[in-house]
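I opened this entry to record what I looked up in the structure.

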Amino acid sequence: FQGLRTRRCSRPRWTGVSMYQLPSRKKQLQRCDGHPLSDGSCLAPAPTVRCAGEPRFRTRSVRDAGCLLDVDPGVLSWRCGATPLCNGDRTFVPDFEVTRETTVELVAVTEDRGSVPDWAIASALAQGRSLVGLSTSELVGVRLENARELLRYASCRVSLSDRVRLLAALDQEGSLTMAEAMTTIRNGADPIAAIAALCLHRFIEIDLDSGRIGPQTRVAPFRG
């Protein structure tokens, strides 16, 4: 700790305990089935686009599900830690509350052999919402890999001229390859970051399902 200064202590004495070993002041959150909720910032990629509220995920798989929600064109917003579903002394907390155009659905990420309790599904339906189970075995594939990569650029700011230039080119051509789209980005240091941000904020669409994003990946105007 040599050279580390404090604001009010002129001669601080440091113990052998690292600051990273000190207990957090934040109370650890837990799902009612005993699974802990972790701070979303520790599970990459940290940025989110449509998460309403603080992102907190109890596992890597739950974070992956959040990545897929951010690139789902039918999702308006989502939040972590939905309102608990109760039946007598039984309680179940879905991982997400997802708002779509006409519905609000609850999503619970389950282990490969796990399932959502029938009583929890019935409880959600009684509230006018559906409860969907998403198995961890489904959280694989190229779409997820592409979503993870795009979300690293969620906070990138794109200049108005670059956005208009790319949209004008797409309006004229219908679609472009990623390599062609990159040539329209002239103000940013990283054209990929700008294109990714425009995709995440639904100005454009990128083909996320045909393969890993590359020079020949198709880019088109967002159509919803």
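I began with the outward side of helix α4, where L160, D171 and Q172 are exposed. This is a predicted model, and I kept that in mind throughout.

Which residues of α4 are buried? I found D162, L166, A169 and L170. They cover an arc of only 100° around the axis, so they sit on the same side of α4. I then looked for what covers these buried residues: β10 (176-177), α5 (178-182), α6 (191-200), β11 (204-206) and β12 (218-221) are included.

I checked the length of α4 next. The helix runs over residues 160-173, 14 residues in total. At 1.5 Å a residue it should span 20 Å, and its end C-alpha atoms are 20 Å apart, so the two agree. Just after α4, I noted G174 with a positive phi of about 90°.

I moved to the strands. Strand β4 (residues 75-80) pairs with β7 (residues 96-100) in the antiparallel sense, over 5 bridges. β7 also pairs with β8 (residues 104-110), again antiparallel, over 4 bridges. I followed T99 of β7: S77 stands opposite T99, and in β8 the bridge partner of T99 is V104. The link from β7 to β8 is a hairpin through 3 residues.

Last, I looked at confidence. Mean pLDDT for the chain is 83, with 80% of residues at 70 or more. Over residues 11-41 the pLDDT is below 50, and this stretch has 43 contacts beyond near neighbours in sequence in the model. Where pLDDT is low, the predicted coordinates should not be read in detail.

Note on methods:
Residues numbered from 1 in each chain as written. Predicted model: local features only at pLDDT ≥ 70, side-chain atom pairs only at ≥ 80, totals over all residues. Heavy atoms only, no water. pLDDT = per-residue confidence, 0-100. Contact = heavy atoms within 4.5 Å. Pairing = 2+ DSSP bridges. Helix = DSSP H or I, 4+ residues; strand = E, 2+ residues; numbered from the N terminus. Expected span 1.5 Å × (residues − 1). Buried < 20%, exposed > 50% of the residue type's maximum accessible area, 1.4 Å probe, protein only. Arc of directions from axis to C-beta.
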